[in-house]
4 protein chains.
Amino acid sequence: MSKKLWGGRFKEDTNSLVENFTESISFDYRLAEYDIEGSIAHAKMLGECGIIKENESKKIVNGLNALLRDYKSGNLEFSTALEDIHMNIEYLLIKRIGEAGKKLHTARSRNDQIALDIRLYLRDEINKIIILLEKFQVVLLECAEKWQDYAMPGYTHLQRAQPVLLGHHILSYFYKIKRDNDRLRDNLKRVNILPLGSSALAGTTYPIDRTVLARLLNFPKISDNSMDTVSDRDFLIEFAGISAIIMMHLSRLSEELILWSSSEFNFIEISDAFTTGSSIMPQKKNPDVPELVRGKTGRVYGHLMSLLTIFKGLPMTYNRDLQEDKEPLFDIINTVKNCIEIYIKMLPVISINKENMLIACKRGFLNATDAADYLVRKGLSFREAHEIAGQLVQYSIENKYILDEIPIEKYKKFSNLFDKDIYSAISIKNCIKTRTSYGGTSFNNVKKTILREKKKMKG
Amino acid sequence: MSKKLWGGRFKEDTNSLVENFTESISFDYRLAEYDIEGSIAHAKMLGECGIIKENESKKIVNGLNALLRDYKSGNLEFSTALEDIHMNIEYLLIKRIGEAGKKLHTARSRNDQIALDIRLYLRDEINKIIILLEKFQVVLLECAEKWQDYAMPGYTHLQRAQPVLLGHHILSYFYKIKRDNDRLRDNLKRVNILPLGSSALAGTTYPIDRTVLARLLNFPKISDNSMDTVSDRDFLIEFAGISAIIMMHLSRLSEELILWSSSEFNFIEISDAFTTGSSIMPQKKNPDVPELVRGKTGRVYGHLMSLLTIFKGLPMTYNRDLQEDKEPLFDIINTVKNCIEIYIKMLPVISINKENMLIACKRGFLNATDAADYLVRKGLSFREAHEIAGQLVQYSIENKYILDEIPIEKYKKFSNLFDKDIYSAISIKNCIKTRTSYGGTSFNNVKKTILREKKKMKG
Amino acid sequence: MSKKLWGGRFKEDTNSLVENFTESISFDYRLAEYDIEGSIAHAKMLGECGIIKENESKKIVNGLNALLRDYKSGNLEFSTALEDIHMNIEYLLIKRIGEAGKKLHTARSRNDQIALDIRLYLRDEINKIIILLEKFQVVLLECAEKWQDYAMPGYTHLQRAQPVLLGHHILSYFYKIKRDNDRLRDNLKRVNILPLGSSALAGTTYPIDRTVLARLLNFPKISDNSMDTVSDRDFLIEFAGISAIIMMHLSRLSEELILWSSSEFNFIEISDAFTTGSSIMPQKKNPDVPELVRGKTGRVYGHLMSLLTIFKGLPMTYNRDLQEDKEPLFDIINTVKNCIEIYIKMLPVISINKENMLIACKRGFLNATDAADYLVRKGLSFREAHEIAGQLVQYSIENKYILDEIPIEKYKKFSNLFDKDIYSAISIKNCIKTRTSYGGTSFNNVKKTILREKKKMKG
Amino acid sequence: MSKKLWGGRFKEDTNSLVENFTESISFDYRLAEYDIEGSIAHAKMLGECGIIKENESKKIVNGLNALLRDYKSGNLEFSTALEDIHMNIEYLLIKRIGEAGKKLHTARSRNDQIALDIRLYLRDEINKIIILLEKFQVVLLECAEKWQDYAMPGYTHLQRAQPVLLGHHILSYFYKIKRDNDRLRDNLKRVNILPLGSSALAGTTYPIDRTVLARLLNFPKISDNSMDTVSDRDFLIEFAGISAIIMMHLSRLSEELILWSSSEFNFIEISDAFTTGSSIMPQKKNPDVPELVRGKTGRVYGHLMSLLTIFKGLPMTYNRDLQEDKEPLFDIINTVKNCIEIYIKMLPVISINKENMLIACKRGFLNATDAADYLVRKGLSFREAHEIAGQLVQYSIENKYILDEIPIEKYKKFSNLFDKDIYSAISIKNCIKTRTSYGGTSFNNVKKTILREKKKMKG
């Protein structure tokens with residue numbers, strides 16, 4: 001293939017180094033189906049609008065459908081010399097159906113064509129990720145339900161703070177993921193806009209009808225400005241930003257699973273099927289999956305930064321720099337999907353060391369706030385109560401007590417508002433049960449929340 | 001101030017180096033009004049719910065209102081030893097109203113308090129930015145209107161591609177900014193949620209009523225999970241991501257203004273009031289403002305990356321790392337607002353060298369596509385027409401012609417489909433006029449678009 | 001001050017919004033001393049080369065010295081209308097010494113002047129950071145020495161892997177910091193180059209002698225190309241990159257201190273003076289300092305990204321975008337210095353729970369590798385030995401043994417190569433003692449390493 | 001392959017989803033040669049030190065050499081079930097030579113093995129990049145020489161500032177690239193350190209001799225601390241940082257080539273062989289290569305950010321997150337090499353429109369500084385001279401003059417220091433010729449610089 005489709009004014013052939021440097025077919029082949037789908041709609045529209053003849057249109061559509069079948073059965077071969085997926089498909093079409101094929105590119109440019117392909121592709125993928133995230137939300141709800149009444153230490157600063165329910169803890173991730181999903185849905189509104197018909201940059205002189213294209217390709221909106229359309233990928237950077245947040249959330253859950261799998265925490269055991277061993281240390285069972293997810297966060301952050309860098313300071317309209325948007329996008333989608341999928345599988349088969357979690361609640365003075373609250377209910381100001389509870393903790397550390405073990409006489413030395421009911425007031429069960437404020441960790445709250453969200457998910 | 005409000009269990013004073021290292025009052029003082037506003041609502045709610053006495057509640061509210069007045073008149077002094085805005089305000093309140101002040105922090109933690117302050121602050125700032133962006137949209141529409149029928153080269157790859165209208169070009173930015181605004185509105189839904197009442201991490205044992213808080217502070221939603229609430233700032237990272245896209249868009253417009261201000265383009269002149277000179281070269285008039293805006297893009301990209309990094313791999317719930325979210329946030333807001341404001345002022349007073357733009361349309365074969373389209377209308381396939389037009393360009397370069405100057409006999413040597421009407425077909429005016437596809441650059445389209453969007457802006 | 005020093009060709013005054021948008025004096029005042037120092041050298045050189053008169057030169061130098069004194073005693077006032085530090089100093093000089101002051105800017109531009117100021121400033125700051133890092137290295141060596149024979153679990157994947165010495169662990173950070181320091185020294189070679197004399201971009205027509213400047217300002221090298229000199233800040237981006245690695249290293253040490261401070265690990269206690277409490281939970285003692293250091297990592301990563309973004313795609317030579325290099329630079333230097341300083345103070349006063357570390361070594365099968373090695377020494381291939389040791393671990397978990405407690409008869413069931421000497425072979429002490437390979441954790445190695453590195457530090 | 005080499009303690013098989021998620025063989029196969037090379041050295045050392053028998057050592061070495069041959073001839077097949085390159089090679093070795101193969105992994109872990117592989121690989125690649133950069137430096141020198149006396153406008157703020165030589169402009173890139181190369185050489189010192197022998201994290205109990213390994217693998221230094229060695233990749237992040245700076249430099253050159261290729265500048269023509277056309281606009285000849293290089297800058301910036309993110313806050317020592325270091329590294333190396341290579345080929349065949357560059361020098365008042373300098377030489381202070389030159393420019397713009405065309409009588413109205421010699425003083429040739437300060441653009445300087453640097457390159 002020595003002659004390029006755009007070669008009219010060129011006297012020299014493309015340098016082969018350049019061919020390899022500039023080609024995108026090695027990665028944009030992923031868009032093949034979308035490219036063909038878009039071309040089918042374009043050909044139909046050209047026919048409907050009388051820009052090409054009805055039979056030409058049909059010939060092209062049939063040819064493209066044949067190519068699609070070949071592609072799906074693995075029988076299409078692409079060539080680097082043809083640069084990109086658009087040129088490859090067009091070339092193969094012409095080879096297959098002859099002259100009519102040369103009419104397909106009427107009233108179209110690769111600039112609006114690639115914008116279409118990416119939007120079709122990304123629309124599909126976002127919808128897939130939304131479904132995956134919903135599945136993950138269901139898994140989180142199910143785990144929260146299963147573990148709803150397991151008491152564990154809640155942490156701030158990685159210090160034991162107050163007892164919470166594992167179900168409550170898991171629900172905190174449910175809501176993070178839910179917001180991620182909301183963001184994707186908002187993003188979708190901006191992805192789901194027809195770019196085709198913007199042509200190279202200025203629109204076209206052919207009497208095209210973009211509403212036909214929108215109908216055929218199922219776009220609720222049509223882009224309003226041709227220059228904007230071929231120059232921008234902000235919908236894609238927005239997607240990358242949302243993905244970075246998804247990975248940030250997964251990195252935090254991963255960090256926790258890694259901590260909880262350590263001998264020191266020993267709160268959970270990740271199934272053998274989701275861990276690997278060491279080539280040298282026979283005892284090792286490593287939480288590789290959460291570690292890799294945490295590591296892959298860097299990958300998505302990096303791609304976001306790549307995309308932002310690419311577009312910084314680019315003048316209107318299409319610049320070849322935009323070709324660099326695809327590999328990061330593909331890798332983000334791949335990474336996010338894989339990470340969610342593996343979490344969907346891994347989370348439900350984690351086994352919880354309920355007993356260890358409970359023991360952990362007992363050491364670390366997690367009920368000190370409740371001791372202070374006790375005094376407040378007896379009439380002290382919170383600041384004074386906080387001060388006394390702090391002294392109790394200090395005293396307990398020095399005497400190797402836990403608050404539950406301090407004798408009542410001692411309590412009274414700190415404040416004579418203390419009475420025997422202090423022991424039940426600061427029992428772990430009570431600490432949890434009484435946190436009934438909306439969004440708090442009480443048994444009742446957690447139960448109701450799970451039911452409410454399950455219902456919504458079904459709705 | 002030697003004694004910390006949390007100092008009950010501590011035996012040693014805080015190291016002064018540590019005090020300086022950990023304090024945040026030097027920057028979170030910006031949240032003072034929001035902190036007081038939140039505390040007022042909290043005190044009212046504590047009173048309404050009977051957690052503190054009515055008169056205590058009133059005393060606190062009055063005290064806080066007095067502090068707010070003092071703050072606004074510049075009469076509040078904050079202390080580094082008191083760490084942050086919350087401790088400072090509480091300390092000043094206690095100093096002013098005595099014992100009752102110590103009851104304010106009942107059923108609250110700094111963890112949900114800071115979440116509240118940031119949300120109140122960011123809600124306000126997003127609303128301001130939305131208004132600024134709307135003003136900027138209006139400015140863009142007005143400029144587009146004023147310059148609507150100025151022909152100029154449209155570029156791809158910074159090569160002259162096809163003639164467009166300056167109005168059309170300006171509208172391409174209008175739509176970018178419009179999407180940015182849409183994104184902010186979506187973001188606002190996730191900012192506008194009441195966090196207060198989540199307490200330290202687990203909710204509270206006091207019989208608080210969060211709906212009262214939501215009503216007083218004007219939040220349409222209440223956060224659902226206390227651990228999620230105090231651990232996450234994803235609404236803020238989302239905002240940073242949107243801001244990065246806004247700056248990306250401004251960097252592109254800036255790049256174009258810089259290009260257009262160069263002697264080579266010479267399309268525009270930025271007003272003296274918006275340029276600066278050189279300390280050594282007397283002739284210089286530099287487009288400093290667009291250059292700085294382009295440079296400030298780095299600043300916002302960087303802050304986004306900071307925020308993402310901070311949250312990577314953090315376990316639940318609040319960690320002190322979160323304190324680092326504020327300075328980037330403040331600087332993003334500052335940067336974005338300043339950049340939009342200056343654009344609002346600078347753009348309308350740019351003077352356009354209409355003549356130069358028109359001349360530029362004539363060199364560069366911007367009508368070659370139209371020559372090809374001409375042949376297509378006469379029956380050639382697009383691919384063949386494209387090939388012939390390419391040869392015409394090659395021929396013209398070699399003979400120092402522009403397409404409009406090639407004699408008709410020569411035209412016919414390339415294809416005898418050419419006729420005298422080729423000259424009107426490829427006139428710049430015609431090239432523009434005929435791009436009537438929806439979103440295309442035709443005079444009519446641009447006019448209608450401006451009217452439509454102006455109407456919408458008013459609506 | 002209505003008239004700018006560059007105002008010759010301007011008809012309109014600068015818009016005041018623009019003045020605020022473009023000024024840099026609000027942050028580049030930090031360069032005042034360096035700006036004056038550079039101007040003094042410049043004035044001397046102009047005098048020596050006969051470009052200005054000797055007495056003019058002296059007058060300028062005296063005037064600048066007077067300004068320097070005023071600056072140091074806090075008696076200089078800068079004005080936003082004068083944009084930047086250069087214009088402010090020049091204006092104040094002229095105000096003070098009259099006409100002669102107007103000659104200072106001969107053969108110079110703000111473009112090479114700012115390049116000089118930054119290089120002088122950064123050279124100083126890098127030298128300060130090098131000294132701080134050396135102090136930190138000494139602290140690490142002293143801690144390693146103090147804790148050299150404390151056994152603790154070494155981790156991979158946050159799973160207990162093999163016992164190591166805390167001294168060995170601390171030394172691992174010593175070497176990281178040492179490399180950071182090496183990098184800074186390499187960076188310094190590229191910072192320490194005289195830019196002055198490059199003028200606006202093309203050099204100057206005045207008969208200046210740059211070797212005089214280099215001598216006066218103590219630069220070992222002179223920049224070779226004027227356009228390169230005023231256009232580039234790669235030495236500064238290199239510094240930002242090194243700083244990001246420093247922070248990365250500190251973030252890892254911080255993570256470990258946070259983990260070790262948790263109730264679960266309970267390996268260390270950070271001094272009260274370096275921790276803070278909770279406003280609600282009286283028992284809390286939070287590792288705020290390491291948390292903040294970890295968080296501040298994001299800040300430095302972000303600034304690196306800002307700087308890289310700023311310079312992406314900028315044409316030659318100076319562009320106003322470069323003004324944005326300063327605030328990130330200042331904040332990086334500030335952050336890195338503060339973080340190292342606080343570590344220098346905090347690390348030595350950490351108290352180690354030696355006993356807990358030792359106990360942790362006993363659970364987690366950290367000697368399983370040694371059990372395998374034992375079998376290898378008895379003739380098995382490593383792969384078979386690894387397999388058997390793995391089965392022993394599995395058996396122990398199921399029977400709640402540790403390896404040291406399995407009876408010898410049981411051992412023999414797994415392999416009859418086992419004999420009674422297995423118990424001493426897998427004792428923690430022996431596990432450590434026998435890791436004598438260069439760089440390994442044996443008592444002897446750690447001791448020798450500390451001595452060797454202490455000697456080098458002194459050398 | 002159902003049984004993992006580390007499977008002793010595992011009861012369940014690895015989930016196949018996990019296998020795909022955790023495998024690295026799909027990308028770390030690139031390290032095959034280095035892995036084998038390292039294993040050969042390890043086997044030899046084990047033999048020399050008597051840890052395995054001489055004949056076993058030989059058998060292993062022979063087996064590995066056979067595998068290497070097979071690999072090079074494309075006859076090795078790797079399996080995903082075997083996770084990574086290490087396990088694959090070991091498995092194939094055992095399959096080929098039987099029992100002896102199981103002894104290879106004695107006194108070694110995958111943790112120090114992968115550190116070795118990456119260092120061997122990166123050492124090789126850095127050396128290749130250094131050679132490429134040197135070739136590029138030679139190309140830049142040759143181009144500078146070829147175009148040394150072509151006058152062109154030097155720019156600041158993309159405004160014409162002062163005339164320079166194209167040779168001088170090209171040399172500014174020569175020095176940037178030279179520094180990049182210096183940085184790589186410094187980096188190499190930190191890459192070129194033997195990690196093997198650190199084992200899993202703590203060193204090994206076998207009597208290995210790391211100096212033998214260092215000799216066999218040609219490492220001048222041996223790592224000092226086993227935990228540091230397996231936990232860190234700072235040498236690699238440093239490399240990524242340097243690569244980002246290289247790309248930043250190339251992005252700037254690319255931006256300039258794109259600008260110069262525009263119709264507006266029309267300074268250069270990139271060879272047909274290095275440009276591509278448009279699918280729709282027949283006249284287009286796009287500077288795709290520089291555009292793509294500029295775009296690929298984002299890719300490398302992003303990978304740097306990925307790597308920094310991965311390592312943020314990781315505790316000692318090896319964590320699975322580190323596996324994510326490889327793909328960014330591979331892609332950085334690939335990108336940087338490709339971009340330099342294509343520049344080496346493209347730059348020399350660019351054709352310069354010398355005439356246009358010269359014409360551009362004449363418009364834009366590039367000699368205004370020289371007019372001011374003229375007055376200074378006649379005794380005015382620079383500040384006054386600058387002011388007058390500014391007024392001259394203003395006057396010229398209003399009257400459509402260039403400075404060279406203002407009649408002498410008019411000149412005298414601005415200052416009677418002006419005389420007829422003003423015209424020669426401000427001729428472009430003179431403006432260039434007289435900028436003789438070291439590093440300035442004078443003809444003589446540029447010539448001497450080229451000779452000097454050519455000599456150094458040969459030295």
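Biologist: What should I know before I start?

Modeller: The model is predicted, so local features need pLDDT of at least 70 and side-chain atom pairs count only at pLDDT 80 or more, while totals for chains, interfaces and linings use all residues. Residues are numbered from 1 along each chain as its sequence is written, chains are lettered from A and ligands numbered from 1 in the order in which they are written, and side-chain values use heavy atoms, with hydrogens and water left out.

Biologist: How many residues does the contact take from chain C and from chain D?

Modeller: Contact means heavy atoms within 4.5 Å. Here chain C gives 113 residues and chain D gives 113 residues.

Biologist: And what is the area buried between chain C and chain D?

Modeller: The size of an interface is often given as the accessible area lost when the parts come together. Buried area is that loss for two parts (1.4 Å probe), summed over both. Between chain C and chain D it is about 9400 Å², with 55% from carbon and sulfur atoms. On the chain C side, C:Arg252, C:Met316 and C:Arg383 lose the most area to chain D, together 8% of what that side buries.

Biologist: How many salt bridges are found across the interface of chain C and chain D?

Modeller: A salt bridge is a side-chain nitrogen of Lys or Arg within 4 Å of a carboxyl oxygen of Asp or Glu. The rule finds 22 between chain C and chain D. C:Lys189 and D:Asp186 form one, at 3.0 Å from N to O.

Biologist: What do the corresponding values look like for chain C and chain B?

Modeller: That contact takes 65 residues from chain C and 65 residues from chain B. The buried area is about 5600 Å², and carbon and sulfur atoms give 61% of it. Ten salt bridges cross this interface, and B:Glu324 meets C:Lys296 in a salt bridge at 2.8 Å, N to O. Among the elements giving two or more residues to the chain C side is α11, a helix (a DSSP run of H or I, at least four residues, numbered from the N terminus). The largest share of that side, 16 residues, comes from α11(C).

Biologist: Is α11(B) mostly covered or open?

Modeller: Mostly covered: 24 of its 24 residues are buried, meaning under 20% relative accessible area (1.4 Å probe, protein chains only). Just after α11(B), B:Gly313 takes a positive phi of about 70°.

Terms used: Buried means under 20% relative accessible area, exposed over 50%, partly exposed in between (1.4 Å probe, protein chains only).
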